[in-house]
Amino acid sequence: MSTSVTRALTATARTAAHGPYAECTCPAAIPTVLADRDDGTVVRHGTTVAKAHARDADRTQLATRLAVAAHPALSGVLLAPLDLPATELDGRPVTFWPYGTPVDPDAPRSAPWEEVGTLLARLHATPVEALPGPLPVMRGPHKAALAVSRMRRAHPPEPVAAVVERAWSALPPWARAESAPPGPVHLCHGDLHLGQLVRHPGPHGRWLLIDVDDLGLGNPAWDLARPAAWYAAGLLAPEEWLRFIGAYAAAAGPAVPSGTDPWPVLDVPARALTVQTAAVAVAKATAARRALDEIELALLDACDRMAAVPPELPAEAAK
Amino acid sequence: MHCPKCRAPMQTYNRNGVQIEQCNGCRGIFLDYGELEALTRLESQWAQQAPPAAPPAAPAPAPQAYPAAQPPAWGAPHPGHGHHGHYRQKSFGRMLFSS
């Protein structure tokens, strides 16, 4: 589908790495396609990474997000882009980044849960007045809505779709991207998962957050909600969840009140992320004409259980 | 007897020789004088019979300062430590790394 994009992006990455005139002396194996999706094609060439963003990405907002990643206030939190001129490829904006070493999917015990928690706390605590602006809205809830639309377009079996739809319709409007979030907004990542961290300079540098496509102002609990959703679905062990949320609280992350139960603020975002993940899984399984596997069923079960328990109200809303 | 809380009838069960009453309505449990102590004694005897390698060798987990261990009411029952391995290994590579 986008083979021509990856080929062109590979050439672009090569030029970014060596300049337009120098010979490439890199070993043949070095150009690597790290991701190839409509909303993000990523090619590595040596120490340079080129990313083609979504065709419909708002160019002004992307420029602001890039400027935030390059801002000194986010040094040590977000990977800064390379200082290369913006370009377009096949109607998609292209940005350039230094290569960093990702989390090893085959070594769960070395996943940097404390570091993720601490990085998010620092991101959320960044004073936004000093940052380039106007800062766009964090796209987390919008992505959840997109996932549900994607599931609907795939036409999954009715009983499966009904479970996801019921959990989705029980969410408050803000979590479905239909209104502004309640409470104070902070700088948020918007799409946190373990693929969003790299060590730079790798493989022993500090951990940094990558991918600013969804970054913006929003409810910071959203960034904690995907691990919370995995934990609630039984996919993440209590020890790992506690390492993550404990590090976030210890670093004074503003999303959860210190020393008290974090679930009242996590409940709605964790439900939304569970629905989003389940919707994507159902869409993929339907398109591939296969049954849901045990992990996907665990997410669907979580959606099912939600229907029986109304969303929790955060403490301030309950008063 | 009837439940002191919800007035529903209570049923008597025998657990390791200890009589306990459970309410058919609210599922609350009533223990007579000395029954809690009897159950505690049985529990400690059972723990002592456990294979000697495990409890003393494993360092006690650090006390959790943060009250986040309870999943939400809609969460999956966590089967406790050690039962997660295969499930987690399988899920880790895929779910935890994608949007």
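Helices and strands here are DSSP runs numbered from the N terminus, with at least four residues (H or I) for a helix and at least two (E) for a strand.

Residues are numbered from 1 along each chain as its sequence is written, and chains are lettered from A and ligands numbered from 1 in the order in which they are written.

**Partners of S5(A)**

I then followed strand S5 (residues 92-98) of chain A to its partners, taking two strands as paired if DSSP finds at least two bridges between them. Strand S4 (residues 87-89) of chain A runs antiparallel to S5(A) over three bridges, and there Thr87(A) has Val94(A) as its bridge partner. Strand S3 (residues 48-53) of chain A is also antiparallel to S5(A), over five bridges, with Val49(A) opposite Trp97(A).

Is S5(A) mostly covered or mostly open? I found five of its seven residues buried, where buried stands for 20 or more other C-beta atoms within 10 Å of the residue's own, with C-beta atoms placed from the backbone.

**Domains of chain A**

I looked up the domain assignment, which gives domain 1 (3-98) and domain 2 (108-318) in chain A; such bounds come from an automatic or database assignment. The centres of the two domains, taken over C-alpha atoms, are 26 Å apart. In contact across them are 17 residues of domain 1 and 19 residues of domain 2, a contact being two residues whose C-beta atoms, placed from the backbone, lie within 7 Å. On the side of domain 1 that touches domain 2, helix H2 (residues 59-70) of chain A gives the most, with seven residues.

**Confidence**

The predictor gives the complex an ipTM of 0.76 and a pTM of 0.80. Chain B averages a pLDDT (the predictor's confidence in each residue, from 0 to 100) of 64, and 45% of its residues score at least 70. Over residues 50-65 of chain B the pLDDT is below 50, and this stretch has three contacts in the model beyond near neighbours in sequence. Where pLDDT is low, the predicted coordinates should not be read in detail.

Notes
This is a predicted model: local features need pLDDT of at least 70, side-chain atom pairs count only at pLDDT 80 or more; totals for chains, interfaces and linings use all residues. A residue is buried if 20 or more other C-beta atoms lie within 10 Å of its own, exposed if 12 or fewer, and partly exposed in between; C-beta atoms are placed from the backbone.
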